[in-house]
Structure formats: C-alpha cells, structure tokens
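Reader: Please take a close look at one part of this model, the protein surface that faces the DNA. I would like the residues, the elements and the cut-offs.

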There are 2 protein chains.
Amino acid sequence: MGRPREFERDVVLDRAMRVFWTRGYEATSVQHLVARMGIQRGSLYDTFGDKRRLFFAAIDHYDRVVTAKLLATLEAPGSGRDAIRQFFRLKVDVSVDPGRPRGCLVTNSAAELASRDRGTATRVGAVLTKIEAGFHRAVVRAQRAGEIDRARNPRALARFLTSSAQGLSVMAKTFPDRAVLEDIVKVILAVLE
Amino acid sequence: MGRPREFERDVVLDRAMRVFWTRGYEATSVQHLVARMGIQRGSLYDTFGDKRRLFFAAIDHYDRVVTAKLLATLEAPGSGRDAIRQFFRLKVDVSVDPGRPRGCLVTNSAAELASRDRGTATRVGAVLTKIEAGFHRAVVRAQRAGEIDRARNPRALARFLTSSAQGLSVMAKTFPDRAVLEDIVKVILAVLE
DNA sequence: CATGTTCTTGACCGATCGTTCAGAAACTGG
DNA sequence: CCAGTTTCTGAACGATCGGTCAAGAACATG
C-alpha cells in the first residue's frame, strides 16, 4: 500500500482555491501554491497533475462549495421571489465578508481567461449556465404563484439575474462597500415587481 | 535635437492596450508587447517606464478612446432614457464586434488586479465613478422629463446601471452571443419604466 | 563636415517561472 | 524483518520573465 498521504486532498484543494481566488491564475506561482497548501511540489504534481489542472480542480471545488451554497437559496421551498431575494442578500454578505477573497472565482476566471483558454471557458460557462438554470426555475415558480408577471420572458430574466450577479462581483472588487452593493441589489430586485 | 522617434506614442500605446485587453496584465509579457507594438524593448522602457506604467497608460488610453465613446452616448441631447438605451445598444455592438477583444479592459482589470494592486484599483475606480456619474446625469435628466419615476433613487439607479454594464462585459467574455446580451439589456432597460 | 543629442538595436542580466526526478522515508503484505 | 509500493523531500532543469546597457544610427546645430 505504500507510504500514506500526509494531507487530505480536499483540504489542500480548498487552500489552492483561495489562492487562485485571491491572486488569479497567472499571478499565482507554484511557489505560492505549495506555500499556502502546505505540501511539497512533488505532492502537488503527483496529486493534481500540473498548475492548470489544479486550477480546474479549484474551479470545480468552488462550484461544489461556494456556488452550491448560493444556488441552494434558489431551491428553497416557498416563494420564488423570496428565493431570488435571498440569493442576492447572501451574495452581498459574502462579498463584504473580510474572511474571504473579494469577488468571485468564476467571475474572475471569466474575465482573466475565458476568451483565451478553452478549458476555463468550458468550466466557467457550465457554472454560469447552472446559475441561469437556477434563476430560471425560481422565476417560473414565482410566475406560477403570481409574484412575477407571466407575460415576461423567464429566460431573459434568468440571464439578466445571472449577469447582475457577475456585475456585483466586479463592483465588489473595486468598491467593497455594503452600501454600494445594496443600492445595486435594491434595483435588481425591483425588476421582479 | 537628436534622432527623431520612429513611432507615434499614441499608435503604439493603442496596440499595447489591445494586447492587455486581450491577454490581461500578468499573461502579457514584454516580448508580447514589443512584438505587437512594433518597437524594441529599449524604446518601450524609454517611452513608458516599465510594464506596469505602460499598463496604466493603456488603461488611461482606453478611458480616453473606448469608454469616452460609450459615455458620449449618455451626454447626447434629448431624452435621458433614450441616451441610456443607446449606451447599452452600443455596448452590445462593441461586445460582439469580432474586430475587438471581447469584454472590457476596465472590467478585466478590476477582476484581475483591483484587489491586489492599488494603482489599478485607483484607475479602475476612477473610470467606474465617471461612468456612474454619466448614468446619474442621464437618470436625473430623465426624471425631470417625467420619463423615470421621480420617487426612485437616482444614485442607486446609476450604480445599478454601472454594475449592469460590468456584468454584460463578463457575460460577453463567456457567451459572445448577441441574443444572450440583448436578452439581458432588454431587462436592464425595463428597469427604467 | 564635426559635434552633441536622442533614439534604435540586440545582446545580456539575475530572478523566477512551471516542471522533473532521484533518493530518503513510511507504510503493507508476506 | 524483508520486499514492494507509495509518498515526501529538496535539488535541479531549461525556458522565460522584467529590465538594463553599450554601441551604432539618425538627426540639429555650428
């Protein structure tokens, strides 16, 4: 069976995710990674392949941990409109949480790499599509309950909400100020009336 | 008076801007820059100082050329609401123009560097503030003309529109598809009714 | 044409990049 | 306790990074 691993894959992957989330892909060196992950270069390459594949694993991990928690608010039972409200409320909370990197790893990756790296574009696109689908379900639910005008295009609304979430992430990076973000969210939610 | 310069500063700066716009800051090497700018390393360092200062000059150039053209739509005489409509119409056109890099240099820089580099954060913040001010003026104009409900908070609306423009830029990087972007813009503009 | 100044050119710098690898260390099954 | 397997460790790889510099080329002035 050989020598046992001295670290848990998910633990060090979570640390790698935070490094990429903070510094982006290109500005993150393997030295940064091993220092923060607390493992050696060899272990990194044995476990994750190379820097690029580690980055992809980090995006997937982000999707599983961070995005999933946001999306869960949309699937909450009850009012679809309240669910969307909760989504953006949580998004603002997360965005100003000093314990986390600012912004969003998916948004950052889209801006930094999506037009140049196909692997990143695929992964980012999949997450955004998943978010759009979550919004779509919530919108349809709200329309069925009469909370949102049924005449409105749910697909367009879902895309708008997805785009709005991305915009919020960008704004949070430059203006990490709750008042600014809440101003924006107020108007986003007003759209649903 | 010495030997005359063999290139025009603005011409090579425009080329540098496109390189940063396409590849981002970190992924752009000085080799990339001199190759695309058509000048030698020495000339680059003599004229622009170093890579970082060239990047700042590129952001300023982007502000002067690209953003200014977008902002000009907001200052057009007549309806404030039409002006905002025109802004986003132009934004979509620019976003799907195959002759340009996808997305927006300011959005990309915000996502890649704003939380880590103060100089970038300052410049990006200044541009975003300028955009917000333009939206604010247009909203107030529209409110005075009765096109937008006067009870609504113009500052919040301006911030929302600024954030929406950032969101569009991010979406354009992953989904460079006119139909998607127009769906989003349709809802953004519906907010103003 | 000689002189002084500025710009261009291409070689070159040390540092850091992502990646590899040989050997030591730590485990399991026989 | 030995053999076999896997992981850990740290030195090392060539390539590329951002940045510098000396020498030559191209101008204005006298």
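Author: Around DNA strand D there are 23 residues, of which A:G2, A:R3, A:G42, B:R3 and B:S29 come nearest; a residue is near a strand if its C-beta atom, placed from the backbone, lies within 6 Å of it. This is a predicted model, in which local features need pLDDT of at least 70 and side-chain atom pairs count only at pLDDT 80 or more, while totals for chains, interfaces and linings use all residues. Residues are numbered from 1 along each chain as its sequence is written, and chains are lettered from A and ligands numbered from 1 in the order in which they are written.

Two or more residues of the surface near DNA strand D are given by each of α3 (41–48) of chain A and α2 (30–37), α3 (41–48) and α4 (51–75) of chain B. Helices are DSSP runs of H or I with at least four residues, numbered from the N terminus. With four residues, α3(A) gives the most to this surface. By class, the surface near DNA strand D has five nonpolar, eight polar and ten charged residues. Here Ala, Val, Leu, Ile, Met, Phe, Trp, Tyr, Cys and Pro count as nonpolar, Asp, Glu, Lys and Arg as charged, and the others, Gly among them, as polar.

The largest share, four residues, comes from α3(B). The surface near DNA strand C divides into five nonpolar, eight polar and ten charged residues.
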